[in-house]
Amino acid sequence: MRDTVMESAQDCAAPILTARDLGFAASGQVLLQGVDLEIARGRRTLVMGANGAGKSLLLRLLHGLLPPSSGAVLWQGARPGRTAQAMVFQRPVMLRRSVLANLRFALRVQGLGWRARAARAQEALEMAHLTDKARQPARLLSGGEQQRLAVARALVCDPEILFLDEPTSSLDPASTQMIEDLVNAAHVRGVTVVMVTHDRGQARRMGDEVIFLHAGRVAETGPRDQVLDAPRSDAAKAWMAGRLYTRTDF
Amino acid sequence: MFSFGDMMAEALGLILAWDRELSAIVVLSLRVTLSAVALACLIGLPLGALIGAFRFPGRGAASVALNALMGLPPVVVGLFVYLMLSASGPLGVLQLLYTPTAMIIAQTILVTPIIAALTKQVVEDLHGEYAEQFASFGVSARARVVALLWDARYSLLTVALAGFGRAVAEVGAVLIVGGNINHVTRVMTTTIALETSKGNLQLALALGVILLGLAVVVNAGVMALRASAVRAAYA
């Protein structure tokens, strides 16, 4: 399914992920085209843009959930098995099990033994401040707690790269802070972060690099301050200025 | 001429007396039905989950076939199993005709499509919710089926209940392959049919009450379990 090329030589300076002329079409409609980008290893890259720009689609293509219609996703460095990447969705998908069982399921899929699963799940519970809710049904947690569990479940498998699709879009500031703390802690441990966000404040807090999409194309990419403070593309300028614009304006 | 009230009173008297013959009929009915439902679940749950969770060539045809087989006429199934197990049939050497095993086989054939078709629906809905997360985790096909069946377990109890309802009330197929032999293959439904034809309505009525009571108890138990699961967001 995944259109990847893996290289054996690991080089920390090299991008962990490269998209070459990536495109995706469905029902005869081109939703993403000509996307060329690099995701730097160990950095936090934010994907921004208006609704329908193709942000979530790009994330799914990079993660391998969808096969691209054209182009390729190239992985460099370590061989990207399923343990090498994880994704957190905008609406967390909770299995119909307890909080602890949700974490253990992710670890079982990775082939870990019972003892290792128990230890790692306990660490993840503590990291997400959910220890007291370990035996509760995951679907009865609040929205913020569910998203914290989703991030912890993604991180418990020790991924090299973590994709997040607007993980805080429906959360209050306190819950957003807890999610950002979890993601930043993972980043400090060396996890590469690729996150979709609409929130400029979050982009300032969380971003090292920014990819700005418009109408299914990369409008602009660069260091956070450059893209947020001195955008070059018309779409990014309009977005940063808070102007209302549509897909066909630029 | 007895009134309905008199017959009901006698029927209740028979139930309260609970003699050995009545007990044997009820126990055999439960043994045959529960065995058939268990076998049908063993076959139908994974089959339904596979069709519900995966896309493959012929999936549509398999779904249509399952739905069509839900309405299998019991007497046709009985006739088919009879032909298979009769002395001149391909499985005649097993000498299973007119035994409880033959009745279990017939009921399993009747119930499996019901279990599989309803499981397919339940699993398909749940898989729609889980599919992207499973793909992200990299869950294998086998683990996916196991996880879906486990997470849908409370809904699948209702599916098993539907199978139990069909099996316990079935008369045509078990009559043909079991032969309604006293103390050997006589179950509640075949006894009701026989005793009614003989005019022994008290015993028929007593067995009818027991049959209904069983259905109510099993339904109530499963519904209570499912309600508690819904409250805990597990269903």
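## Model and conventions

This is a predicted model: local features need pLDDT of at least 70, side-chain atom pairs count only at pLDDT 80 or more, and totals for chains, interfaces and linings use all residues. Residues are numbered from 1 along each chain as its sequence is written, chains are lettered from A and ligands numbered from 1 in the order in which they are written, and side-chain values use heavy atoms, with hydrogens and water left out.

The average pLDDT of chain A is 89; pLDDT is the predictor's confidence in each residue, from 0 to 100. In chain A, 92% of the residues score at least 70. Residues 1-12 of chain A stay under 50. For that stretch the model has 29 contacts beyond four places in sequence (contact means heavy atoms within 4.5 Å).

## Chain A overall

Chain A holds eight helices and 10 strands. These are DSSP runs, numbered from the N terminus: helices are H or I, at least four residues, and strands are E, at least two. The radius of gyration of chain A, 18 Å, is close to the 18 Å that the globule rule gives for 250 residues, so chain A is as compact as a globular protein of that length. The radius is taken over C-alpha atoms, and the rule is 2.2 Å times the number of residues to the power 0.38.

The C-alpha trace of chain A spans about 55 × 40 × 35 Å along its principal axes. Of its 250 residues, 54% count as buried. Buried means under 20% relative accessible area, exposed over 50%, and partly exposed in between (1.4 Å probe, protein chains only). Take the contacts in chain A between residues at least 6 apart in sequence: 71% join residues at least 24 apart.

## Arg60(A)

Arg60(A) sits in helix H1 (residues 55-63) of chain A. Its relative accessible area is 16%, so Arg60(A) is buried. Beyond neighbours within four places in sequence, Arg60(A) contacts Leu65(A), Leu66(A), Met87(A), Phe89(A) and Asp165(A), plus Glu132(B).

## H2 and H6 of chain B

Two packed helices are described by the angle between their axes and the distance between the axes. In chain B, the axes of H2 (residues 20-53) and H6 (residues 141-151) come within 10 Å and cross at roughly 110 degrees. Axes are lines fitted to C-alpha atoms, for helices over the stretch in contact, and angles run from 0 to 180 degrees between N-to-C directions. H2(B) and H6(B) are therefore roughly perpendicular to each other (65 to 115 degrees; under 35 is roughly parallel, over 145 roughly antiparallel, the rest oblique).

From H2(B), the residues Leu45(B), Pro46(B), Ala49(B), Leu50(B) and Ala53(B) meet Val145(B), Leu148(B) and Leu149(B) of H6(B). By class, this contact has eight nonpolar, no polar and no charged residues. Ala, Val, Leu, Ile, Met, Phe, Trp, Tyr, Cys and Pro count as nonpolar, Asp, Glu, Lys and Arg as charged, and the others, Gly among them, as polar.

Ala162(B) is in helix H7 (residues 153-168) of chain B. At 31% relative accessibility, Ala162(B) counts as partly exposed. Ala162(B) touches Ile114(B) and Leu118(B), not counting residues up to four places away in sequence. Ala162(B) and Val37(B) are 125 residues apart in sequence, yet 9.6 Å apart in space, C-alpha to C-alpha.

Helix H9 (residues 188-198) of chain B has Met188(B), Thr189(B), Thr190(B), Thr191(B) and Glu195(B) as its buried residues. They pack against H2, H7, H8 (172-178) and H10 of chain B. Just after H9(B), Gly199(B) takes a positive phi of about 90 degrees. Gly213(B) lies in H10 (residues 201-231) of chain B and, at 30% relative accessibility, counts as partly exposed.
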